[in-house]
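Hello,

Here is the structure you were waiting for. My notes follow below it.

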Amino acid sequence: MDWSAFALSLKLAAWTAAILVPIGIVLGRVLAWRYFKGKSLIEALLALPLVLPPTVLGFYLLNAMGGNSAIGRLYQSLLGDSLVFTFSGLVVASVVFNLPFAIQPMQRGFEAIPDDIRDAAACCGLSRWRIFTRIELPLAWPGILSAVILTFAHTLGEFGVVLMVGGSIPDETKTIAIAIYDRVQAFDPANAGLMSAVLLGFSFVSIAFVYLLSNRGRRRHA
Amino acid sequence: MLVGPSGSGKTTLLRSIAGLYRPRAGAITCDGATWFDTRQKIDLAPQRRSIGFVFQSYGLFPHLSALENVKTTLGHVASERRDARARELLALVHLEGLEARRPAELSGGQQQRTALARALARDPAVLLLDEPFSAVDQVTRRKLQRELAQLRRQLDMPIILVTHDLNEARMLADRICILHQGDTLQMGPPEEVMARPLTPMVARLVDLPNVFEGKIVEHRPDAPLTLISWLGYTLETRYQPEFLRGASVNWVIPAENVLLHRRDRPSRGERENPVAGIITEYVPLGEHTSVTLHVRGERDHAMSMMVPSHVARRNGLGHGEHVKVSLLAEGIHLMPSAGQDRSALERGGVDGNAYKIYYDKGGSSVARSARKT
C-alpha cells in the first residue's frame with residue numbers, strides 16, 4: 001500500500017474542491033438565472049470534460065501549460081517553476097477537468113430556488129449580499145455540498161489527465177490511481193488490489209453521502 | 001384594487017410598482033418620492049422602494065421559521081428590538097404560538113398571514129398584494145378577507161390588491177381599477193363601476209348580466225329623464241343627455257334594480273318600465289333565487305334578477321311561468337354601443353395613451369402612468 005500516493009491524492013482532491021467552490025458558485029449561479037447570447041455554447045464547453053477521453057484533455061492541457069506555451073512561460077517567470085510534471089500543474093488540470101462536476105450540481109441547486117423567493121427577498125429590503133448569504137446559499141446548499149463531494153471523489157480516482165500532465169513522480173504527481181497502475185505493471189496484484197479496495201470504499205461512501213443529502217434536502221422543503 | 005382577467009396586466013403593474021419589472025416608459029411616484037421615471041432615468045431597486053409585497057405563492061423563505069421570515073425583513077430596526085417587533089407583527093395576523101414553525105409546517109392560510117406580517121415589517125408606504133387569496137380554500141379565503149378588511153382599518157397605508165374575483169373587489173376596495181390587455185378601462189368606487197360601467201366591455205369584465213342595445217328617443221331635462229326604445233318598449237332612464245338623440249346605445253341594469261310584480265295584487269310602483277317575459281332559468285340559492293327571463297319570449301334578451309326565495313315561492317315562480325317586472329329608471333345606465341369604446345374612454349377622462357393609478361389613504365399616494373407599448 002502506497003500511503004504517500006493516497007495522501008497526495010487526498011491533497012489534490014482537497015485543493016481541487018476548495019478552488020472549485022467559489023468558481024462553481026459564481027458560474028453555477030450565473031448559468032442558473034441569467035440568459036445571454038452564447039449561453040448554450042458556454043454550457044457545452046464547460047460540460048466537455050464529461051465526454052472527452054481524459055487523455056485528450058490531458059494532451060491539450062499538457063500543450064497549453066508546457067514550457068513552450070504562453071501560460072507555461074508566464075507561470076515560469078512569475079513563480080520560477082514549471083506547470084507540467086508538478087503538483088500545481090496537477091491542481092490546475094484537475095480544476096479544469098472537474099468543472100462540470102462542480103458547476104452542474106450547483107447550477108441545479110440555484111435553479112431550484114423559486115423566483116418568487118428571490119423577488120420576496122428584494123422586496124423585504126435585503127441587500128444583494130444579504131440575499132446571497134442568507135437566502136441563496138442556504139437554499140442551494142445541498143447542490144453545493146453535492147458538488148464538493150463529487151469533485152473530491154472524482155479527483156481521487158482520476159487517472160488519464162494526471163498521467164498526461166503529471167507523469168508519475170513520487171510525492172509530487174504520483175496519485176493513488178497511478179500507483180495502482182504501477183503495481184499492476186510490476187506484477188504486484190496484492191497491493192494493487194488493496195489500494196483499489198480502499199478507493200472503491202471511499203468512493204462508495206462519498207457518493208452515498210451525496211444521495212443522502214439530496215434526498216434529505218428534497219424532504220425538508222417539500 | 002386592480003381587477004381584470006388573466007393577462008390583463010394586473011400583476012405586471014404591481015411588479016412595476018415594486019421594482020421587479022421595468023416598464024418601457026412612464027413614472028412611478030409614491031408620497032412625493034420618485035421610484036421610477038424613464039425621462040429622469042430613475043429606477044430604484046426594490047430594496048430602496050418602501051413597499052410590502054405579498055406574492056401569490058407567498059415567497060416565504062422555506063429554511064426559516066415564521067419568526068425569522070419576519071425578522072429578516074426588520075433590517076431597519078435596531079437588532080435588540082427585532083425579536084419583539086417580529087412577534088408583535090405575527091400577533092397582529094393572529095399567528096401567536098406558531099412563531100417557530102417553518103413554512104412547510106404551516107397551513108395555506110397561516111402561510112398567507114406570515115407573508116402579510118413579513119410585508120408589513122418594513123413599515124412600507126404602500127402594501128402590494130398579488131392575488132393573496134387565490135391559493136387557499138373557500139372557507140379560509142372568506143376568513144382571511146374579513147381579517148384583511150379589519151386590518152385595513154388599523155393600518156395607515158394604501159393597499160393595492162390584484163384580483164380577478166369581483167366579490168373580493170366589492171368587499172375590500174375603496175376604489176377599483178378595471179384592467180384589460182394592459183389598458184385601464186375604468187376606475188372608481190366599486191359600487192359606481194359595477195352600477196355605471198363606462199363601456200359594454202367594462203360591463204362584461206365586471207360580470208354584469210343585463211346588457212342590452214337600444215336607441216335614444218328623447219331627453220326630458222324638466223323631468224329629468226331620458227327615454228330609450230327597446231324591443232318595442234319605451235323605457236324611462238336616468239337623465240343622461242350626453243348621448244345624441246337617435247343614437248344607438250348599450251344599456252345595463254344591475255340585477256337588484258329589476259323588481260318582480262306581485263301576481264296577486266298590483267301595486268303603484270308597477271308603472272315604472274313594466275316589462276313582460278317568460279322564466280327560463282330558476283335557480284334557488286338559499287335565501288335568494290336567481291331568476292332569468294326571456295323578455296317577450298326572445299332568446300337574445302335574457303334578463304337576470306334576484307328574488308328573495310320566499311317571494312319566489314309565494315308568487316309561484318318556476319320554469320316557463322309568465323311574469324312582469326319593473327325596471328327602475330334610476331338603475332338604467334347608458335353606455336356608447338360596443339363599437340364606440342374609444343370615444344367613451346375619452347369622455348370618461350381616461351387618456352387613451354397613458355393611464356394613472358392614484359390611491360389615496362392616510363396621506364400617501366401612489367401614482368403611476370405608463371405609455372402603452
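**Surface and make-up of chain A**

The accessible surface of chain A is about 11,300 Å², and carbon and sulfur atoms hold 68% of it. Areas come from the Shrake-Rupley method with a 1.4 Å probe, and for residues only the protein chains shown count as cover.

The model is predicted: local features need pLDDT of at least 70, side-chain atom pairs count only at pLDDT 80 or more, and totals for chains, interfaces and linings use all residues. Residues are numbered from 1 along each chain as its sequence is written, chains are lettered from A and ligands numbered from 1 in the order written, and side-chain values use heavy atoms, without hydrogens and water.

Chain A has 10 helices and zero strands. Both are DSSP runs numbered from the N terminus (helices H or I, at least four residues; strands E, at least two). The C-alpha atoms fill a box of roughly 65 × 40 × 30 Å along the principal axes.

Of the 222 residues in chain A, 43% are buried (under 20% relative accessible area, 1.4 Å probe, protein chains only). Among contacts (heavy atoms within 4.5 Å) with a separation of 6 or more, 73% join residues 24 or more positions apart.

**Helix 6**

Helix 6 of chain A spans residues 115-123. Its buried residues are Ile117(A), Asp119(A), Ala120(A), Ala121(A), Ala122(A) and Cys123(A). They pack against helix 7 (128-156) of chain A. From chain B, helix 1 (10-18), strand 5 (51-54) and helix 4 (108-120) join in. Gly125(A) follows helix 6, with a positive phi near 85 degrees.

Best wishes

How values were computed. Buried means under 20% relative accessible area, exposed over 50%, partly exposed in between (1.4 Å probe, protein chains only).
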